[in-house]
Amino acid sequence: MNDLTHLTIADALDGLAARKFSARELTDAHIQKMGAAKGLNAYITETPDLARAKADASDKRRASGGAIGALDGIPLGIKDLFCTEGVLTTAGSHILDGFKPTYESTVTSKLFDAGAVMLGKLNLDEFAMGSSNKTSYYGNVINPWKRKGDNTDLVPGGSSGGSSAAVAARIAMGATGTDTGGSIRQPAALTGTVGIKPTYGRCSRWGIVAFASSLDQAGPIARSVEDCAIMLGVMAGHDPKDSTSVEMAVPDFRKGLTGDIRGLRVGIPREYRVDGMSQEISDLWAKGAEWLKAQGAIIKEISLPHTKYALPTYYIIAPAEASSNLARYDGVRFGLRVPGNSLDEMYELTRAAGFGKEVKRRILIGTYVLSAGYYDAYYLQAQKIRALILKDFTNAFQDVDVILTPSTPSAAFGFHENEDDPVQMYLQDVFTVTVNLAGLPGISVPAGLDSKGLPLGLQMIGRAFDEETLLRSAQALERAANFTALPAGV
């Protein structure tokens, strides 16, 4: 039965349609494997009874000849940033203890309407703030990958580390993630999975616990580009409940995977050759360009001159928006409440006990840059640079169709490496934050292993709302890389 957990979503849908196995068998195989992989700490809340009920309902639909959804019977994990009706939703934070929403996020509603089965809620960095999944109140998620000859536990990336680890460990066929500065693409790269951050506005943010509202975007993590295309096709679409959701038709992303990239213009930005990037990643980047060229693509060097300002710009804008969004957690309406002798004291005690160190750090930074006397010097300047970064991409896309870069500056690292250096941790997002600042789609594809046997990813960036070209290009890269390695024991 465990062999079923190695199927892709596409293969599983074919098997279900051919009656080779049932949705209940597929779900039970994953629940069984989840039990054996609890040491990864990928799930905060497991929902086996709910999963089996949804799987049984899927089997009944198929047996009766009823309408079958695009993900009917497919077991997925849901990042615990998405509100799920009646199921604990924590955002990885102590301050949301006991919070069970009375409503469903738009993205999860779309997935469940398409027949998807929820295995549980996946661990994450607290309020999606982090690059290692070390900031969760519920403990670290452990990457199923290990270095050759070394049993050191490695980070799965963040903030969607529970999602990437679950997909890599075969305890979910796919998972939802959110990406504010790279939180889908970076964990995908560190775990040998595929993750796509769609264009800002492509997926509804309604019912997703907010970090930085102008940057957050939901997307899928799965084991293939095709699986991501299937999931994104379900997750995307206009939502009148979200004013940032764009009213635009959703293409059939899976149908657009033609495999033909002849004449595709691929940009290589010279500014992405940064200090500290490993030679292995630099070599893989060059190899990726050659793979695409061999399939008929045209490789062109481009310039994105304001790239060097992206990281500081992001770490002004994101904390500023976070400080505003997280003001709502006060112990009055939901979650944790620490009693005090006055209302102000209750606020102070609740927030002091409820938020972790990294969240407090970002709230303090954000409050500072928004304060009187500093708003113009920091926040306003950051917004101006953000506009210049978008202009760089707009100019580049006049000459190219997609852009190829590394996904991360290194492979997965140990939990105690970079532990006392938050700036070094922030540098994990150096290749990804520009995409969020510009609102563009980006995808990470596993493309090789480093000398220690750990996965490395390459990123492709596309034009706004041109996920079709981005996915088609990414699949061409995926086929050339032919990444088939698995974590030990999986």
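Start by selecting Glu301, which counts as partly exposed because its relative accessibility is 49%. Here buried means under 20% relative accessible area, exposed over 50%, and partly exposed in between, using a 1.4 Å probe and protein chains only. Before moving on, note that this is a predicted model, where local features need pLDDT of at least 70, side-chain atom pairs count only at pLDDT 80 or more, and totals for chains, interfaces and linings use all residues. Residues are numbered from 1 along each chain as its sequence is written, and side-chain values use heavy atoms, with hydrogens and water left out.

**Stop 1: a partner for Glu301**

A salt bridge here is a side-chain nitrogen of Lys or Arg within 4 Å of a carboxyl oxygen of Asp or Glu. The pair links distant parts of the chain, 31 residues apart: Glu301 is in strand S8 (residues 298–302), and Arg270 is in the loop between S7 and helix H8 (279–294). Helices (H or I, at least four residues) and strands (E, at least two) are DSSP runs, numbered from the N terminus. Arg270 is partly exposed, at 40% relative accessible area.

**Stop 2**

How many salt bridges does the structure hold? There are 20. Side chains of opposite charge can pair when their charged atoms come close.

Select Arg24 and Asp56 next: their side chains form a salt bridge of 2.9 Å, N to O. This pair also links distant parts of the chain, with Arg24 in helix H2 (residues 23–36) and Asp56 in helix H3 (residues 48–64), 32 residues apart. Arg24 is partly exposed at 28% relative accessibility, and Asp56 is partly exposed at 27%.

Now go to Asp401 and Arg265, whose closest N and O atoms are 3.1 Å apart in a salt bridge. Is Asp401 buried or exposed? Asp401 is buried, with a relative accessible area of 15%, while Arg265 is partly exposed at 26%.

**Stop 3: helix H11**

Select residues 357–370, the 14 residues of helix H11. At 1.5 Å a residue they should span 20 Å, and the end C-alpha atoms are 20 Å apart, which agrees. The expected span is 1.5 Å times one less than the number of residues.

Colour Glu358, Val359, Arg362, Ile363, Gly366 and Val369, which are buried. They cover an arc of only 140 degrees around the axis, so they lie on the same side of H11. That arc is taken from the directions from the helix axis to the C-beta atoms. Turn to the face away from this buried side to find the exposed residues Lys357 and Leu364.

**Stop 4: the cysteines**

How many disulfides does a search of the whole structure find? It finds zero, a disulfide being a pair of cysteine sulfur atoms within 2.5 Å. Select Cys83: the nearest cysteine sulfur, that of Cys203, is 16 Å away. Cys83 counts as buried, at 3% relative accessibility.

Then try Cys228, whose sulfur is 11 Å from the closest cysteine sulfur, in Cys203, too far for a bond. Cys228 is buried too, at 0% relative accessibility.

**Last stop: Tyr378**

Finish in helix H12 (residues 375–396), where Tyr378 lies. Tyr378 counts as partly exposed, at 32% relative accessibility.
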